[in-house]
Each structure stands twice: as structure tokens, then as C-alpha cells.
Amino acid sequence: MTETVIEVQGLIKDHISNFLRKRFRALDGLSLKVTKGEAYGLLGPNGAGKTTTQKLLLGLLKPTSGDVKVLGYAPGDNRALAKIGFLPENPYFYAYLSAHEFLHFFGELFDMSAATRNKRVQELLQLVNLSEAGNRPIRKFSKGMMQRLGIAQALLNDPELIFLDEPNSGLDPIGRRDIRNIMLMLKEQGKTIFFNSHMLPDVKDICDRVGVLHRGKMVGEGLVKEICQNGTTQELEDYFMNLINTAEEEYKKTGNVTPYHFDREVSQKQ
Amino acid sequence: MRSINVIKAIALNTFRETVRDRVLYAIVIFALLATLAGVIFGQLSADQDLRILEDLGLSVITLFGGVIAVFIGTTLVFKEIDRRTIFLIVTKPIARWEFVTGKFFGLALCVLVTNFAMGLFFLGVIWFQTANFNSALPLFYALSLVYVELVLVIAMATFFSTFCTPLMSMIFTTGLWTVGHLSFSFDMLKELARDPKHLSKSTEILAIVLQNTMPDLAKLTVIRSNFMDNVFVPNSAILYLILYIAAYVVFLLTLSSMIAERREFS
């Protein structure tokens, strides 16, 4: 039986507006499981709850109700965070630092020794093709360079589980290719990847399984191999659009969306 | 040991961030210019030029050091949230109290450096005026107490920055700092409340509560003046004041950590 790395059951997250105290339900009874070594893609239109899901799994937000376990611990537990890497969407880094200083700073937060940090920083800068720009201030980096640096900081601790939120957002085709190659390499190393993306070609190439969120509910989940039987991105896009359109029509008629029932065992990665 | 390493890393990063802030240099330059103004005011007085220079210099360092503490301290945590660098920090295996403490020490180090620089400049101006360093030691003691006061202001700013916007943090921090210097007024308020002509139990209770909860910075100012007037100050009084400020700082940082622990970052 493959080890479950992320387990979510009945997760609800309500946001309360500051002034009028109005309650908005961002996630409504979300359930999902991710197994070790799996690459899981969370899809959905803007505002579906993808980033909220990641933030709940990382402890940046607290659930209103529901059960969540990440690497066997509650979200935000330092024992889990020590094995996790995270790249947020459109990250902002300390512009006054160089890439070296930036990675060394985060290495210190992992309590790495100076020798380990030096070795790891060199390795990662080489991996993300930033060795020559290591001493340049980050404020002089391009968008693609910042994303690659962000991936480098997410891999500092050689994590078991990596969260990526729209890693290809705003990148040119060369940048997207670089990020995709890094993610494929991580997958080959047996890392578990949980990533949000709108880039369906990348999802098709990288992910083993996808889940589709709409209005805070999981409306579909499936193996990429089964969805894309002919290996085309069009099949994934059709799958995605069919689920969203069906859910949206139901919402317009009834004011509600029926969630996909997570009532089967997760298939082992083949 | 691990916590110390993490706090040190965050403190040094905060220090690097603040010393590269152009606002800091603008404030320091203004402070140096204001210190030079003391020379001009001193020329206008009769035989009190040194005393005026010393008093003005100390006040300038206190005021501008406080401006740095308030301006930068009240945006310490807010900037991390606004720029979303907080996402990268709190998803590392560190405790929120380590983060808050590191930010506090980083700014405290920055204020120490700027105070030291302003103090050196100030001593240089005095030497230029008097050609001696007779007032160097009393000034050093007085400046040390200025720094102790500013450490408390930094703690207040750090506390408010964990849950307020920068503007509200500035208002609350400046307000609390000001009230701290009005502690003698609470004695007067209590006496007034007990006066049979103006008897008010609720006012008396309010005065007692405020006196015991608000930081008492007036005594710091008195001791500083005593140093400058070469009046003897017992070591026990200085130690008591330093420990009192330290306890207040620990209290504020503990509250800040508790708030940071419960904060969500959306």
C-alpha cells in the first residue's frame, strides 16, 4: 500500500470580511488524497480555491472545519515543514539580497551548517542555471530568473513534498520549458509534487492525477493516463471544460454544486 | 541553539533590509543637521552654549532614533505580509515567536548602529566647540539610556505591527511612547481624584490602572538629566530601570508572538 502524503477530508474554509463580517465559503467539503511519489495537479478557474487549498495544507490558513494531514502531521507542524518545499504564485523576494545571500538565509532557517549550505547553494544554482548570476542583486533578475530562484529555495532542504502554485505564471516558453524540466527531474527522483496550474500542457506532461475545483468544491478527479488516452492536451482540456460547464450550469439552476465523491481507493502510480 | 541560529538569521536579514532603506538615511541626515542647529542656538545664549548643545543633541538623538524605530518598526511585519515574503518564511520549520523576535533584534541592531553614529557625530561637534571630552562619559551613559528607551519603542512597534496597518501602528506606538513620559501626571491625577472638592473614585482607579500598566519612561528622562548634571545616580536605580524595561519588552514580544501564532496569511 502506497504511503499517503496528503489526506484531506471534508475541508471547509470560510473567509470573513473585515468590516461587514460577511462570510464567504472558499472551500466547501473538499476531500482528496495524494500518495508518495505522485504528481498531483489541482486545476480550476480563477477563484475556485486552488491557492486556498495549498495555503491550508501549508498552515498559512487555518481550516474552519475538516481533517487535514500532511506527511502525517497537522498542517504547519514544523516536523512536516522540515520536509516540504514551497513556491508561491508570483513570489516576491528580498530585492536587496543576491541569489547567494537569499539561499543562504533560507538555509539558515533550516538550521543547515555553513558547509552544507555552501554545497547545497552551489548545487541548486547550477541546477536552475543561475550560477553566473549568483552575486547579482535579485532586483536585477528577470521574471524567469526569479521563478528559477524560487524553485531553488523550494528545494534547499531536499524536500519529500513540494508545493508549487502556478510555477509557470508569466514565463516565456523558454522559462516554462526550464521549469517543466526541473519538475520532471523531481518526479523521477520520487518527490511528491502538488501543484496548481492553468497550463494544461504542463499538467498533462507532469501529473499522474488531476483534481478539478469549482466554487470551492471538487467536481472531478482522474488519472491523466485515463483522461488523455490518446496523449493529447485537448483531451485534458475537454475533460476540464466539461466538468466546469456542468458544474456551472448546475450552480445557475440550483445555486449549488454537487461535489465529486471521493469514494474509491487511490490508484497506485503505474 | 537552533532557535538562536534562526533568530540570528532573521535579525541579520532584517538589519540588512533596514540599513538599505533610503528613508533611514534621510532621517539620519536630518538628525545630524538638527544637532548642528544646536551649535547655532548655543551661540545665541549667554554661557549656556555647551548645556544647550548637550540637551539639544540628546533630544535630537532620542527623537530621531524614535522616528526610525516607529517608522521602520511599524512596517516590520506588515511589509513581509504585503510583499508576501512571509509565505516563504512561515512555511519553513521555524516558530512564529522566532520570527517576531528576529525582526525585533534586527531593528534593535539597526537603531544601535544609527544611535552610535549620531552619538559619535554629536561628540565630534562638542569636541569642536569645547576642545575637550569632559562630557564624553556622562553623554555615553545618557545615550545608553536613550537606547534602552528606544528598545522599548521598537518592542511596541513590533507588537502593533503584528496586527495593525502601518498608520494605526504608528499612531498607537507614538501614543504609548508619549503616555510613557506622562507617568508623573498620573500621580497628579490620583491626587486630584482624592481631593474632597473633586472626589472621583473611578478617576482614581483609572489613574492607578494607567500608572501600573503604562511604561514609565519619565524616570528614564530624570536619570538621563542627572547624568548630564553630574548628579550621583545609584547603580540599583539604573539596574531597576533596565530590568523594568526588559520585562516590558519581553511582555510585548510574548504578546506579539501569540498574535503571530494565530495569524492567517491569505
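Read along the sequence, chain B follows the pattern α-α-α-α-α-α-α-α-α-α-α-α, with 12 helices and 0 strands. Helices (H or I, at least four residues) and strands (E, at least two) are DSSP runs, numbered from the N terminus. The structure is a predicted model, in which local features need pLDDT of at least 70, side-chain atom pairs count only at pLDDT 80 or more, and totals for chains, interfaces and linings use all residues. Residues are numbered from 1 along each chain as its sequence is written, while chains are lettered from A and ligands numbered from 1 in the order in which they are written.

The C-alpha trace of chain B spans about 60 × 55 × 35 Å along its principal axes. Buried residues make up 38% of the 266 residues in chain B. A residue is buried if 20 or more other C-beta atoms lie within 10 Å of its own, exposed if 12 or fewer, and partly exposed in between, with C-beta atoms placed from the backbone. Among contacts in chain B between residues at least 6 apart in sequence, 79% join residues at least 24 apart; two residues are in contact if their C-beta atoms, placed from the backbone, lie within 7 Å.

The domain assignment of chain B gives domain 1 (2-172 + 218-262) and domain 2 (182-216); such bounds come from an automatic or database domain assignment. The centres of domain 1 of chain B and domain 2 of chain B, taken over C-alpha atoms, are separated by 30 Å. Each domain of chain B gives 4 residues to the contact. On the side of domain 1 of chain B that touches domain 2 of chain B, there are 3 nonpolar, no polar and 1 charged residues. Here Ala, Val, Leu, Ile, Met, Phe, Trp, Tyr, Cys and Pro count as nonpolar, Asp, Glu, Lys and Arg as charged, and the others, Gly among them, as polar.

The largest nonpolar core has 143 residues, of which Ala69(B), Ile154(B) and Ala155(B) touch the most other members. A nonpolar core is a set of buried Ala, Val, Leu, Ile, Met, Phe, Trp, Tyr and Cys residues joined through C-beta atoms within 7 Å. Helix α7 (residues 136-161) of chain B gives the most to this core, with 15 residues. Leaving aside neighbours within four places in sequence, Ile154(B) is in contact with Ala69(B), Gly73(B), Phe104(B), Leu107(B), Ala108(B) and Val111(B).

Helix α12 (residues 235-262) of chain B has 28 residues and reaches 41 Å from its first C-alpha to its last, close to the expected 40 Å. The expected span of a helix is 1.5 Å times one less than its number of residues. The buried residues of α12(B) include Leu241(B), Ile245(B), Val249(B) and Leu252(B). An α-helix has 3.6 residues a turn, so residues three or four places apart point the same way. Among the elements that cover the buried residues of α12(B) are α6 (96-130), α7 and α11 (218-228) of chain B.

The contact between the chains takes 21 residues from chain B and 23 residues from chain A. On the chain B side, α1 (2-19) and α5 (85-90) each supply at least two residues, and the largest share, 7 residues, comes from α1(B). The side of chain B that touches chain A divides into 8 nonpolar, 5 polar and 8 charged residues.

Chain A has 9 helices and 9 strands. Its radius of gyration is 19 Å, close to the 18 Å that the globule rule gives for 270 residues, so chain A is as compact as a globular protein of that length. Of the 270 residues of chain A, 47% count as buried.

Most residues other than glycine have a negative phi. Leu71(A), however, has a positive phi of about 55°, and lies in the loop between β4 (65-70) and α2 (78-81) of chain A. Leu71(A) counts as buried because 22 C-beta neighbours lie inside 10 Å. Arg215(A) also has a positive phi, near 50°, and is found in the loop between β8 (209-214) and β9 (217-223) of chain A. Tyr251(A), in helix α9 (residues 233-254) of chain A, is in contact with Arg215(A), Asn256(A) and Val257(A), leaving aside neighbours within four places in sequence.

Note on methods
The radius of gyration is taken over C-alpha atoms; the globule rule is 2.2 Å times the number of residues to the power 0.38.
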